[in-house]
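Student: I am new to this structure and should like to learn how to read its features. May we go through them one at a time?

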Amino acid sequence: MRADTARTDAHSGAGWGAVALVVAAGIVTAFQAGKAAIATPWLLADMGLDLSAAGWLTGIFALLGILGGIPAGALVARVGDRPVLLACLAASLLGAVLGALAPDYAVLLGARILEGLGFLFITVAGPAILERAVLPARREFAFGLWSCFMPAGLALAMGVGPQYGDWRNLWWASAGLAAAVLAAAALLPPAPARASRSMRSIGGDALSVLGNRRAVLLALCFALYSLMFFALFGFLPVLLVERMGVDGQAAGLLAALAAAANIIGNLAAGRLLARGAQRFVLLAAACLAMGLAAPGIYLQWFGALPTLLLCILFSAVGGLVPATLISSAPLLAREAGLAPVVLGLLMQGSALGQVLGPIFVGGAIQAHGWQAAAWIVLASALAAAGAASALRAGGARAAQ
């Protein structure tokens, strides 16, 4: 008994070290994703870009996610999660350095593609490492921690980015973060030997995952959640300035606070799932809460402070969704080797929502005013809750 306990404790300690490194790597790549939006005014002034060109520097991450989610998962399944993680961080570091030195827009865009590839692959490799490194009893909490990487990285970028005063300084700072985490991640132990999957079966793996009804429902939920989240946070600083009378600098800090609230939901999901909460219930309830908050936010039924609190609630409750979805992916894979491919499909759904949210809501606001955004988010919430409820029919293992 004592020997078994010692082995369990040792595994647990090593596992939590891996969790810390993987979450840190995710935060670094999320910081890379968020820094371009913060740097847009500097880039417009320094490089003479228009808003369309600047938009590509931000949107390229989502485009890569839409195109490469399943292929990224298939590559992780074959090459292994640790080598892919190290390659992700190296790509993030190289992209940041090249971006900081970029003499023109073309080089900067190429550097952003490198950073975007690092972000894409880490979203698949990170959960794969957690799945094998953490004891089953701690699994849900570990995935809850992992799911915090996106709001934490975005909040960090929004909070500290403006302090650098120049976009090149911001790029150098992000390179330093990537270098530090890459050095630490190199200490991760390699994965145990396992049977490799044939490179010729990539297409078969993709078709198998696309034919998995429950995996597709997970991806649909993630797409709708991402649409709702970025429909709000893509325009929150503007909403705070135009509708609530907040000045620009305060709007950035308040938007960062609201984004960081998403972490609360991610951590809560890990705790609730570990205690036996049903997955489809968490997903449906969180999505409905986001939808019901939308009219109060966009229609300005309340004063400035209550509306800001609704934004924080929207973000915090919404955090239940990504943690639940990501931790469900390995459970719904038809075989263990397909788990990274299912995660890749989830990331494609997330990226699709990230693109469609600002496009649909931006166009609706332009044509019909802020009230149109409320109904788009509410309709998306109802659809997401319906997809979550459909997971219940997929079997007890998916629902619990």
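Student: How many residues does the protein chain have, and what percentage count as buried?

Tutor: Buried means under 20% relative accessible area, exposed over 50%, and partly exposed in between, with a 1.4 Å probe and protein chains only. Here the protein chain has 400 residues, and 53% of them count as buried. This is a predicted model, in which local features need pLDDT of at least 70 and side-chain atom pairs count only at pLDDT 80 or more, while totals for chains, interfaces and linings use all residues. Residues are numbered from 1 along each chain as its sequence is written, and side-chain values use heavy atoms, with hydrogens and water left out.

Student: How many helices and strands are there in the protein chain?

Tutor: Helices (H or I, at least four residues) and strands (E, at least two) are DSSP runs, numbered from the N terminus. The protein chain has 18 helices and zero strands.

Student: What is the expected span of helix α15, and how many of its residues are buried?

Tutor: The expected span of a helix is 1.5 Å times one less than its number of residues. Helix α15 (residues 320-332) has 13 residues and reaches 18 Å from its first C-alpha to its last, close to the 18 Å expected. Since 13 of the 13 residues of α15 are buried, this helix is largely enclosed by the rest of the structure. For helix α17 (residues 370-390), with 21 residues, the span should be 30 Å, and its end C-alpha atoms are 31 Å apart, which agrees. The buried residues of α17 include W370, V377 and S380.

Student: Which residues does T324 contact?

Tutor: Contact means heavy atoms within 4.5 Å. T324 lies in helix α15 and is buried, with a relative accessible area of 0%. Leaving aside neighbours within four places in sequence, T324 is in contact with A269, L273, R279, L282 and L283. One of these, L273, belongs to helix α12 (residues 262-274) and is buried, at a relative accessible area of 9%. Not counting residues up to four places away in sequence, L273 touches E140, R279, L282, T324 and S327. The C-alpha atoms of L273 and E140 are separated by 6.2 Å, although the two are 133 residues apart along the chain. Across the protein chain, residues 24 or more positions apart account for 84% of the contacts with a separation of 6 or more.

Student: At what angle do helices α13 and α14 cross?

Tutor: Axes are lines fitted to C-alpha atoms, for helices over the stretch in contact, and angles run from 0 to 180 degrees between N-to-C directions. Angles under 35 degrees count as roughly parallel, over 145 as roughly antiparallel, 65 to 115 as roughly perpendicular, and the rest as oblique. The axes of α13 (residues 279-298) and α14 (residues 304-318) come within 9 Å and cross at roughly 165 degrees. The pair is therefore roughly antiparallel. The contact involves, among them, A286, A289 and M290 of α13 and L310, C311 and F314 of α14.

Student: How does α4 lie relative to α16?

Tutor: The axes of α4 (residues 105-133) and α16 (residues 339-368) come within 9 Å and cross at roughly 140 degrees. That angle makes α4 oblique to α16. Their contact is made by T123, V124, P127 and A128 of α4 and P340, L343, G344 and M347 of α16.
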